[in-house]
Amino acid sequence: MLLCSITSLRLHPVLVSSSLEKRSGSCFATVFLLHWAFLSSFFWMAVDAFWLRRKIIHSIDMYGVTITHFMKKSGLVAFGGSALFPVINVITAALISDANDYLHKDFCWLQVAYQTYFLLLPIYGVLCFNIWTFCQVAGIIFTVNKLSQPTSSLFKKQLRSTVSVALALGCPWIIAPALLIDSEQFRVVETMFNVTLGLQGFFVFCVFWWCYSRM
C-alpha cells in the first residue's frame, strides 16, 4: 500500500511532463490507471483503519480462517470501491460532453474540476475516516491505561506521545493529496511531503526519547 502510494505520487509529475500525446488512447489509459492507483492506495488505508477499529473496539477475533475472508472482502472494497470513481468520472464526462474531457486539455492528466470531485474529495474522505478511527482507538487505550495506571503524569506523557506520533505519521498523508494540484503555488508542498515522509522514523524516535527519557 505504502509503496503503491509513493510510486503513484512520484509518477504523477513525470506523467504530466511526459511526451505522451494529449488525449490519445495511451494517455487516457495511463491517466485512468493512475487515477485508480491513487485512490486504491488511500482506500487500503481506510480498510486498515476499519480492521484496527474492529479488532480493538469490538474485540472481534479476526485471526485464522476469518482473516482470509476479511482480506478478500478488503481487496474487493479497496480495489473495487476505488475503481468506481474513475469509471463514474469517465461516464460523467461522456454524458456532459465527451469522454475525452476526462483528460486535461494541456497535458496528460485529469481535468481540474474532476481532480476536486473524483480524486481529492474521496481521498480526504478517507483521511477524515482514519482520523476519526484513530481518535476512537486512542480513547479506548487511554481509558484502559488510566484505569490500570491512574498516575496523572504517566497519562499526560502517553497522551503527549500519542498526539506527537499521530502528527509525525499523519502529516505526510494530509499533505500528499495537495501534490496532485497542478499549480506553481503548490510546488513547495512536494518538498514538505518528501521531508515529512523521509524523516518519519527520526521524528518518531525524537518523540519517544522526549516523552520517556525522564520516566
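Predicted model: local features only at pLDDT ≥ 70, side-chain atom pairs only at ≥ 80, totals over all residues.
Which residues does S82 touch, not counting residues up to four places away in sequence?

Residues are numbered from 1 along each chain as its sequence is written, and side-chain values use heavy atoms, with hydrogens and water left out.

View 1. S82 lies in helix α3, which covers residues 65–96; helices (H or I, at least four residues) and strands (E, at least two) are DSSP runs, numbered from the N terminus. Not counting residues up to four places away in sequence, S82 touches W36, L39, S40, F43 and V77, where contact means heavy atoms within 4.5 Å. S82 counts as buried because its relative accessibility is 0%; buried means under 20% relative accessible area, exposed over 50%, and partly exposed in between (1.4 Å probe, protein chains only). The side chain of S82 makes a polar contact with the side chain of W36, at 3.3 Å, and a polar atom of the S82 side chain also lies 3.1 Å from the backbone oxygen of F79. A polar contact is a pair of N or O atoms within 3.5 Å; within protein, one must be able to donate a hydrogen and the other to accept it, and residues adjacent in sequence count only if both atoms are side-chain atoms.

View 2. S40 is found in helix α2 and, with 2% relative accessibility, counts as buried. Leaving aside neighbours within four places in sequence, S40 is in contact with A78, F79 and S82. S40 and A83 are 43 residues apart in sequence, yet 7.6 Å apart in space, C-alpha to C-alpha.

**View 3. N130 of helix α4.** N130 is found in helix α4 and counts as buried because its relative accessibility is 18%. Not counting residues up to four places away in sequence, N130 touches M45, A46 and A49. From C-alpha to C-alpha, N130 and F42 are 10.0 Å apart in space and 88 residues apart in sequence.

**View 4. The largest nonpolar core.** This core has 35 residues, and those with the most contacts inside it are V31, F42, Y102, W109, L119, W173 and F193. At least two of its residues come from each of α2 (25–56), α3, α4 (112–148), α5 (152–175) and α6 (187–198), and α2 gives the most, with 11 residues. A nonpolar core is a set of buried Ala, Val, Leu, Ile, Met, Phe, Trp, Tyr and Cys residues joined through side-chain atoms within 4.5 Å.

**View 5. The exposed residue L95.** L95 lies in helix α3 and, with a relative accessible area of 71%, is exposed.

**View 6. The protein as a whole.** Buried residues make up 37% of its 215 residues. Among contacts between residues at least 6 apart in sequence, 72% join residues at least 24 apart.
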